[in-house]
Amino acid sequence: MIQRKQSVYLLLAFIASVLCLYLPLGSFELAGMGKEPVLYNLAIISGDGAMQFRYCVLFVLLSASALLSIVTIFLYKSRKLQMRLCKVNLLLLVLWYAMLMFVVLTNANFRQEHQVILPFVSAVMVWLAHRGVAADERLVKAADRIR
């Protein structure tokens with residue numbers, strides 16, 4: 001059934017991931033005057049509007065996570081596959097945070113925004129969905145044993 005609580009969790013994870021794709025992650029403080037370059041998931045947009053795609057891996061990881069969240073909702077007939085895809089989704093979100101930490105550690109002048117919490121919210125929602133799917137699987141196995 002598509003109206004399970006896991007579907008709601010996965011939908012919320014999708015919304016959090018997509019929202020984070022469009023919001024800035026932080027900015028790089030400049031030593032002189034001028035507008036600070038802003039880091040988005042896809043590119044760094046400098047003060048004059050030029051785009052550098054140095055950290056576009058962030059975009060790829062978060063986009064894949066969002067896509068996987070929405071695809072997992074519609075695989076409700078295959079609970080084992082849903083659980084595997086939830087684990088892959090969690091791995092993608094952990095890799096996204098690892099890449100963000102790489103950006104933070106390699107740039108001493110990087111200042112994060114509050115939006116970097118959204119992939120963590122997405123990860124929590126995916127974990128809750130995984131727990132719900134696992135509970136459904138245990139329930140089905142228990143019912144099969146009774147028959």
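Predicted model: local features only at pLDDT ≥ 70, side-chain atom pairs only at ≥ 80, totals over all residues.
Let me start with Cys86, whose sulfur sits 19 Å from the closest cysteine sulfur, that of Cys20, which is too far for a bond, given that a disulfide is a pair of cysteine sulfur atoms within 2.5 Å. By that rule the count of disulfides comes to zero. Cys56 is likewise in no disulfide, the nearest cysteine sulfur being that of Cys20 at 15 Å. As for burial, I call a residue buried under 20% relative accessible area, exposed over 50% and partly exposed in between, with a 1.4 Å probe and protein chains only. Cys86 is buried at 1%, whereas Cys56, at 29%, counts as partly exposed.

Residues are numbered from 1 along each chain as its sequence is written, and side-chain values use heavy atoms, with hydrogens and water left out.

The pLDDT, the predictor's confidence in each residue from 0 to 100, averages 90 over the protein chain, and 97% of the residues score at least 70. Taking helices (H or I, at least four residues) and strands (E, at least two) as DSSP runs numbered from the N terminus, confidence is lowest in E5, at a mean of 86, and highest in helix H2, residues 57-73, at 95.

Now to the rings, where a search of the whole structure finds two aromatic pairs. Rings of Phe, Tyr and Trp (its six-membered ring) pair if their centres lie within 6.5 Å, and planes under 30 degrees apart count as stacked, over 60 as edge-to-face and the rest as tilted. Phe28 and Phe110 have ring centres 5.0 Å apart and planes at 55 degrees, so this pair is tilted. Because Phe28 lies in strand E1 (residues 26-28) and Phe110 in strand E5 (residues 110-112), the pair ties together parts that are 82 residues apart in sequence. Phe28 is buried at 9%, and Phe110 is buried at 10%. The rings of Trp96 and Tyr97 also have centres 5.0 Å apart, but with planes at 85 degrees, so that pair is edge-to-face. Trp96 is buried at 0%, while Tyr97 is partly exposed at 23%.

Among the buried residues of H4 are Leu118, Met125, Val133 and Glu137.
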